[in-house]
Amino acid sequence: MAYDPSNIFARILRSEVPCHKVYEDDNTLAFMDIMPQADGHTLVIPRTPGENIHDLPEEALAATIRTTQKVAGAIRLAFDPPGIMIAQLNGAPAGQSVFHLHFHIVPRYAGKDFRMAAGEMADPAVLAEHAARIRAHL
Ligand code: AMP
């Protein structure tokens with residue numbers, strides 16, 4: 001399948017759609033997931049277009065995982081979760097719903113399930129507060 005430049009993350013990269021930004025650099029962008037599976041759920045994407053891990057040039061992928069580590073560290077300081085899950089889905093059968101590569105960073109708590117994917121939209125004011133809390137540790 002060819003990369004579709006009208007996907008929602010490509011539109012966020014072009015600033016056509018707003019997001020609650022956590023971090024950006026020349027190669028990557030991190031922002032709050034609009035339907036968080038836990039408080040602090042953040043997405044990290046490369047600026048380079050690519051549907052999944054098989055399509056992205058190695059350097060773009062390396063930059064994305066570097067940002068993922070950096071932002072996960074800030075989430076750890078901001079939310080103090082005992083665990084953090086990093087997830088990256090490839091293809092619809094794996095659960096991928098947006099076809100621009102992304103890493104999920106999801107805080108996890110012992111004995112507590114994370115919320116369903118594509119569940120409830122978060123209150124934008126809460127997302128803005130969470131983004132600010134994470135940014136304060138970057
Ligand atoms: P995946 O199922 O791995 O493709 O994950 C896509 C993620 O993107 C889901 O967790 C959605 O909640 C999230 N998402 C979809 N649209 C937006 C948006 N406009 N802003 C932020 N997150 C979004």
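Here are a few notes on the ligand site in this predicted model.

1. Some ground rules. Residues are numbered from 1 along each chain as its sequence is written, and side-chain values use heavy atoms, with hydrogens and water left out. As the model is predicted, local features need pLDDT of at least 70 and side-chain atom pairs count only at pLDDT 80 or more, while totals for chains, interfaces and linings use all residues.

2. Start with the ligand's surroundings. The shell around the ligand has 16 residues, and the closest are Asp33, Ser97, Val98, His102 and His104 (near means a heavy atom within 4 Å). By type, the shell splits into 10 nonpolar, 5 polar and 1 charged, where Asp, Glu, Lys and Arg count as charged and Gly is among the polar ones.

3. Now the polar contacts (pairs of N or O atoms within 3.5 Å). Oxygen atoms of the ligand lie 2.6 Å from a polar backbone atom of Ser97, 2.7 Å from a side-chain N or O atom of His104 and 3.0 Å from a backbone N or O atom of Gly95. The protein covers 90% of the 510 Å² of accessible area that the ligand has on its own (Shrake-Rupley method, 1.4 Å probe).

4. Which elements give two or more residues to the shell? They are helix H1 (8–13) and strand E2 (28–32), and H1 gives the most, with 3 residues. Helices here are DSSP runs of at least four residues, strands of at least two.

5. Finally, look at Asp33, in the loop between E2 and strand E3 (42–46). Asp33 is buried, at 11% relative accessible area (buried means under 20%, with a 1.4 Å probe and protein chains only). A polar atom of the Asp33 side chain lies 2.9 Å from the backbone nitrogen of Met35.

Technical notes. A polar contact is a pair of N or O atoms within 3.5 Å; within protein, one must be able to donate a hydrogen and the other to accept it, and residues adjacent in sequence count only if both atoms are side-chain atoms. Buried means under 20% relative accessible area, exposed over 50%, partly exposed in between (1.4 Å probe, protein chains only).
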